[in-house]
Amino acid sequence: MNVDGIENGIVLDHIKAGKAMLVYKYLHLQNVQSPVALIQNCTSSKMGKKDIVKISEDMDLDLDVLGFIDPGITVNYIKDGKRVVKKTITLPETLTNVLRCQNPRCITSTEQELPQVFKIVDRHHAQYRCIYCDTLVNAEAK
């Protein structure tokens with residue numbers, strides 16, 4: 001399969017195989033008016049298999065969401081067919097309105113206008129805690 005490069009936009013590379021649809025969902029790419037390409041299970045010498053997402057539009061990305069989905073993602077900004085900026089992503093310290101607290105006694109269950117805020121407590125296991133009730137969430141449990 002051959003997928004052309006993009007002239008201007010963003011290429012999300014080194015996504016763990018099978019996670020491109022999560023990227024699509026969490027970044028709300030269904031609302032983008034320009035072409036978006038999801039390439040799954042590409043051969044990668046570094047990773048074995050990987051996914052790639054190409055967006056033919058320059059847009060603001062929530063890098064925290066990307067770090068939550070897969071901290072190994074590389075974000076490449078493309079201008080006139082050339083990469084002008086390359087960013088590597090890590091697990092974010094704080095996640096706001098990405099996860100929902102599953103504790104029915106959490107204040108966010110009754111006060112729904114409150115932001116859903118989680119702080120990282122264990123980078124090695126990708127674990128976050130709700131700042132309101134201390135409920136523990138694993139990032140892998142998305």
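Student: Which side chains meet in a salt bridge with an N to O distance of 2.5 Å?

Tutor: Keep in mind that this model is predicted. The general idea is to look for a side-chain nitrogen of Lys or Arg within 4 Å of a carboxyl oxygen of Asp or Glu. Here, Glu 93 and Arg 123 form such a salt bridge, at 2.5 Å from N to O. Glu 93 sits in the loop between β5 and β6, and Arg 123 in the loop between β7 and β8, so the pair links distant parts of the chain, 30 residues apart.

Student: Is Glu 93 buried or partly exposed, and what about Arg 123?

Tutor: Buried means under 20% relative accessible area, and exposed means over 50%. Glu 93 has 48% relative accessibility, so it counts as partly exposed. Arg 123, at 40%, is also partly exposed.

Student: How many salt bridges are there by this rule?

Tutor: The count is two. Lys 50 pairs with Asp 13, their closest N and O atoms lying 2.9 Å apart. Lys 50 belongs to strand β3 and Asp 13 to strand β1, so this pair ties together parts that are 37 residues apart in sequence. Lys 50 is buried, at 11% relative accessible area, and Asp 13 is buried too, at 14%.

Student: Which residues make the nonpolar surface patch?

Tutor: For a patch, look for residues with over 30% relative accessible area and no salt bridge. In this model, Ile 107, Ile 131 and Tyr 132 make a nonpolar patch of about 250 Å². Ile 107 lies in helix α3, residues 107-110, and is partly exposed at 41% relative accessible area.

Notes:
Residues numbered from 1 in each chain as written. Predicted model: local features only at pLDDT ≥ 70, side-chain atom pairs only at ≥ 80, totals over all residues. Heavy atoms only, no water. Patch = residues over 30% accessible without salt bridge, like charges linked within 9 Å, V, L, I, M, F, W, Y side chains within 5 Å. Areas by Shrake-Rupley, 256 points an atom, 1.4 Å probe, with all protein chains shown as cover. Helix = DSSP H or I, 4+ residues; strand = E, 2+ residues; numbered from the N terminus. Buried < 20%, exposed > 50% of the residue type's maximum accessible area, 1.4 Å probe, protein only.
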